[in-house]
Amino acid sequence: SSLHDKKMSGKLREEGNKLFRDAQTLGLSPALVRDRLNRALSRYAAALSAAEQAEKSSSASLDRAAAEKNLGAVHARLANILPISIKFELEMLERSTVHYLRAAAARAEAWSESDVSEDELKWLAVVDGKGQEVFGAFVQTSSALDKDARLAAMHRLLNALPRAPAVELGVALAMRARVGIGTARAHFELAVRATESLEHVSALSLLRDSHRPLHLFSPVDSAQVAEVADLQASIDKHIFIAESCKARVQGELALQSALHKEEYLLVEDAWDAVDFFRSAAAYAQEGNDLENEAIALTALAGVLEKVFHLMAVSTPLYRQAFRLGLALWPKHMNDEKWFQACAEVEDREQAKLKQAAQDEEDAARRAEEERLRPAKESLTVELGALKKAAAKGVYALIVHIYSAHPPRAAGGPHVRAAEVTADTLKRDLLNAMRDYHPDRNGGHDDAWCVLCLEITKELVGQHEKQKHA
């Protein structure tokens with residue numbers, strides 16, 4: 001009986017092959033092509049049934065593999081002949097993918113009992129190529145459906161796939177892995193669109209469902225391992241982003257609720273908004289989403305500033321969000337309201353810092369002037385003479401200071417009073433400014449420091465007159 005079933009399976013496949021070849025004849029109408037393919041389909045199905053009835057053996061597994069491959073080819077061909085509808089086309093492509101994968105799995109059972117030949121490797125390469133091609137067509141066709149129908153089609157295919165064979169056959173496992181990755185990626189792409197459409201709850205559901213297909217197979221090579229790892233990382237990242245967006249929306253709703261209630265309820269709802277915005281910022285940070293983190297921080301700072309008047313807490317948050325906005329360059333945030341609010345706070349704080357630095361500098365200057373006041377009072381005569389010389393002009397000033405107060409700066413004087421002439425006056429003025437500059441005369445007594453400071457003031461005044469003369 002087993003031998004009869006095996007012979008019958010081979011005979012039915014031959015009849016199916018003839019009908020399949022006849023369907024490829026040029027000039028046939030689509031109706032005739034479909035009729036011959038359907039008849040071939042019935043022969044291949046009967047051949048598979050007969051092979052399954054035969055006793056389990058290497059040859060019986062090969063018969064099943066051949067019948068599954070034939071069924072995959074017919075279903076793929078039916079999908080391309082004036083498809084009745086997208087639903088029909090998807091059904092044919094789904095069945096074709098499953099049959100090609102079952103063909104590889106059946107071949108694996110045969111391999112467990114015999115050595116692998118070069119012809120068998122070529123046979124499997126063909127099955128792998130056809131299966132990959134059909135699954136690609138399935139993914140492309142399903143993308144024309146709405147979200148629910150597309151996901152249903154992907155799950156139906158995933159659930160129809162045979163489990164991994166007992167023997168780890170690379171082609172069978174690789175085909176199953178591609179279907180799993182494709183299903184997960186379809187979920188992920190739809191989740192990203194839902195996030196962009198602000199459908200955060202739907203996005204989270206899709207993202208969590210994206211993981212399930214990835215746990216139904218094992219990657220077969222380093223390329224698939226890397227692909228799965230990248231996809232999982234992207235899914236995890238977008239889960240954080242979707243959670244951040246969801247928490248931010250919840251925070252906005254809580255804040256709106258707070259602003260329309262009595263005062264004692266306002267505080268409670270406002271603190272709920274603070275918690276939501278803080279969670280939104282934390283989720284965005286985990287997802288490495290700088291923009292959403294900045295938006296959440298700005299919202300958090302706004303509640304703390306405008307509702308609770310906690311400026312000391314809100315200001316650092318505004319400034320942190322502002323820095324995150326700058327980090328988004330070359331994307332410009334200038335037209336975003338949240339960034340404008342942060343920029344206002346940053347400008348205000350920078351102005352405060354600038355004013356504080358100026359106040360500190362003025363205080364230091366006044367303190368230094370107070371410290372040097374006794375020394376300045378002791379130089380009344382010298383400073384009076386300096387003023388008189390300056391009143392007579394730059395030549396008299398230079399001659400006076402080099403004669404009455406020879407420079408003490410390192411390097412010696414750059415000007416000698418006896419050598420000053422009208423031709424060298426401009427150069428001598430610049431050299432004098434260098435010889436008596438306070439920065440070059442540190443380390444001396446206070447009286448000398450005061451004298452250098454006053455001399456420099458007079459020299460700078462003469463230099464300004466020379467520039468505008």
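**Working chat**

Analyst: His405 sits in the loop between helix H15 (394-404) and helix H16 (425-435). Helices are DSSP runs of H or I, at least four residues, and strands are runs of E, at least two, numbered from the N terminus. This is a predicted model: local features need pLDDT of at least 70, side-chain atom pairs count only at pLDDT 80 or more, and totals for chains, interfaces and linings use all residues. Residues are numbered from 1 along each chain as its sequence is written, and side-chain values use heavy atoms, with hydrogens and water left out.

User: Is His405 buried or exposed?

Analyst: His405 is buried, because its relative accessible area is 11%. Buried means under 20% relative accessible area, exposed over 50%, and partly exposed in between (1.4 Å probe, protein chains only).

User: What does His405 touch?

Analyst: Leaving out residues up to four places away in sequence, His405 touches Glu382, His400, Tyr436, Trp448, Leu451 and Ile455. Contact means heavy atoms within 4.5 Å.

User: Switching to the largest nonpolar core. Which residues touch the most other members?

Analyst: Leu37, Val127 and Phe138, out of 41 residues in that core. At least two core residues come from each of helix H1 (2-22), helix H2 (30-53), helix H3 (58-79), helix H4 (86-111), helix H5 (118-142), helix H6 (147-160) and helix H7 (170-196). H4 gives the largest share, 10 residues. A nonpolar core is a set of buried Ala, Val, Leu, Ile, Met, Phe, Trp, Tyr and Cys residues joined through side-chain atoms within 4.5 Å.

User: And what other core lies apart from it?

Analyst: Another core, of 29 residues, lies apart from the largest one; its members include Ala247, Leu297, Phe339 and Ala343.

User: Back to Leu37. Which residues does Leu37 touch?

Analyst: Phe20, Ala23, Gln24, Val74, Arg77, Leu78 and Ile81, not counting residues up to four places away in sequence.

User: How many salt bridges are there?

Analyst: The count comes to 28. A salt bridge is a side-chain nitrogen of Lys or Arg within 4 Å of a carboxyl oxygen of Asp or Glu.

User: Which residue does Lys331 pair with?

Analyst: Glu291, with the closest N and O atoms 2.8 Å apart. This pair links distant parts of the chain, 40 residues apart: Lys331 is in the loop between helix H12 (311-327) and helix H13 (337-377), and Glu291 is in helix H11 (residues 290-306). Lys331 is partly exposed, because its relative accessible area is 45%.

User: What about Arg319?

Analyst: Arg319 and Glu346 form a salt bridge at 3.0 Å, N to O. Arg319 is in helix H12 and Glu346 in helix H13, 27 residues apart, so the pair links distant parts of the chain. Glu346 counts as buried, at 9% relative accessibility.

User: Where do Glu377 and Arg373 lie?

Analyst: Both lie in helix H13, four residues apart, about one turn of the helix. Arg373 is partly exposed, at 40% relative accessible area.
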